[in-house]
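Biologist: I am new to this one. Can you walk me through the model, starting with the overall build?

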Amino acid sequence: MNNKKFFAAVVGLGLVTLSACGSSSDDGTGSASRTVTLVSHDSWAVSKNVLADFEKKSGYKVKVLEDGDAGQAVNKAILTKDNPQGDVFFGVDNTLLSRALDNGLFRSYEAKGADRIKAEYRVDQDKHRVTPIDTGDICVNYDKAWFTEHKLQPPTSYDDLVKPAYKNLLVTENASTSSPGLGFLLGSAAQYGDDGWQGYWKKLRANGVKVVDGWEQAYNEEFSGSAGGKKAKADRPLVVSYASSPPAEVIYADPKPKTAPTGVADGTCFRQVEYAGLLSNAKNSKGGKAFLDFLLTKEFQQDMPLNMFVYPVVEGAAVPAEFTAYGPQAKDPETMDPAKIADHRDDWVKSWTSLVLK
């Protein structure tokens, strides 16, 4: 999901993140190059040994080009689709999927292991242009210490966020540039309907919501409950982030606290699914296909929770107990039909921009 890799950076966790200027060329058949280039948002992370195992078995070396927040990365990939920066794109989610598909970003490929993907996450099954990789929940997080100190109960729902008690406490991401920001907007649209979400955002704006460009700034610089926020002396105790952010704050803290310093307002969640696909003009299509196969292996799927703080989508992939202990998935998150997102997303974002940013 978006830039949750901050937690790993804080403690120097051994992750592989290489940079690349673009995809390596081949002989026109998509088979000559022994380097495969992955284009992703900034949250990509994998254990060194897991990636090394893929490289050893496949014979391909992997280069990674991280390209900002998911919304920015998808938009750039579309603009460069005729001469793509890489071979595989990872990180387009259900909020932006139709934009990528409508613009011909991906070519068809049914990855090995796709039959083991849980049914609720499968999409585009007639063309197989994208492969579901992970899932998680976009939710408002809160700083437990701040609310204890101020003797205030943390919010639990969308309705709570517009109450006077929570004035000037929430920071969220720009819905036009950030996938968690867009997910929060879609969650409010699912909660209040086509005729009610704009009125809700008017109230939220009047209640002092702060909007920043992306997750990195919102969580690490503005949110008082994060490790980064504490260092920056941030003053917003509410942030749009993920249900998996609290376990990250525990797992990579030193010393490790007994309980998570942050919590989740469970009634503010929206279910997100991330996909990967073979870029339509990939120069190393054979290597790209091998990499997509790798993303569905049990080895990679079970590696994701403690690296990218997301849940696997493949049947039988185990989730570490320490991950679920501090941040279980939302019990009843808002969801939205991908077709409805496709029909309304751009208009909703345009209206949201006029309501909140102007």
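**Fold and disulfide**

Modeller: Gladly. Keep in mind that this is a predicted model. Of the 358 residues in the protein chain, 58% count as buried.

Biologist: How many helices and strands does the secondary structure of the protein chain come to?

Modeller: The protein chain has both kinds of element. The count is 15 helices and ten strands.

Biologist: Why is the chain as compact as a globular protein of that length?

Modeller: The globule rule gives 21 Å for 358 residues. The chain comes close to that, so it is as compact as a globular protein of that length. Its radius of gyration is 20 Å.

Biologist: Among contacts between residues at least 6 apart in sequence, what share joins residues at least 24 apart?

Modeller: A contact here means heavy atoms within 4.5 Å. Take those between residues at least 6 apart in sequence; the share joining residues at least 24 apart is 77%.

Biologist: Are Cys139 and Cys269 buried or exposed?

Modeller: Buried means under 20% relative accessible area. Cys139 falls in that class, and Cys269 does too. Both are buried.

Biologist: Is the disulfide of Cys139 and Cys269 right-handed or left-handed?

Modeller: Look at the torsion about the S-S bond of Cys139 and Cys269. It is about 115 degrees, so the disulfide is right-handed.

Biologist: How many residues apart in sequence are the parts that the pair ties together?

Modeller: Cys139 lies in strand S5 (residues 131–143). Cys269 lies in strand S9 (residues 262–279). So the pair ties together parts whose separation in sequence is 130 residues.

Terms used. Residues are numbered from 1 along each chain as its sequence is written. This is a predicted model: local features need pLDDT of at least 70, side-chain atom pairs count only at pLDDT 80 or more; totals for chains, interfaces and linings use all residues. Side-chain values use heavy atoms; hydrogens and water are left out. Helices (H or I, at least four residues) and strands (E, at least two) are DSSP runs, numbered from the N terminus. The radius of gyration is taken over C-alpha atoms; the globule rule is 2.2 Å times the number of residues to the power 0.38. Buried means under 20% relative accessible area, exposed over 50%, partly exposed in between (1.4 Å probe, protein chains only). A disulfide is a pair of cysteine sulfur atoms within 2.5 Å.
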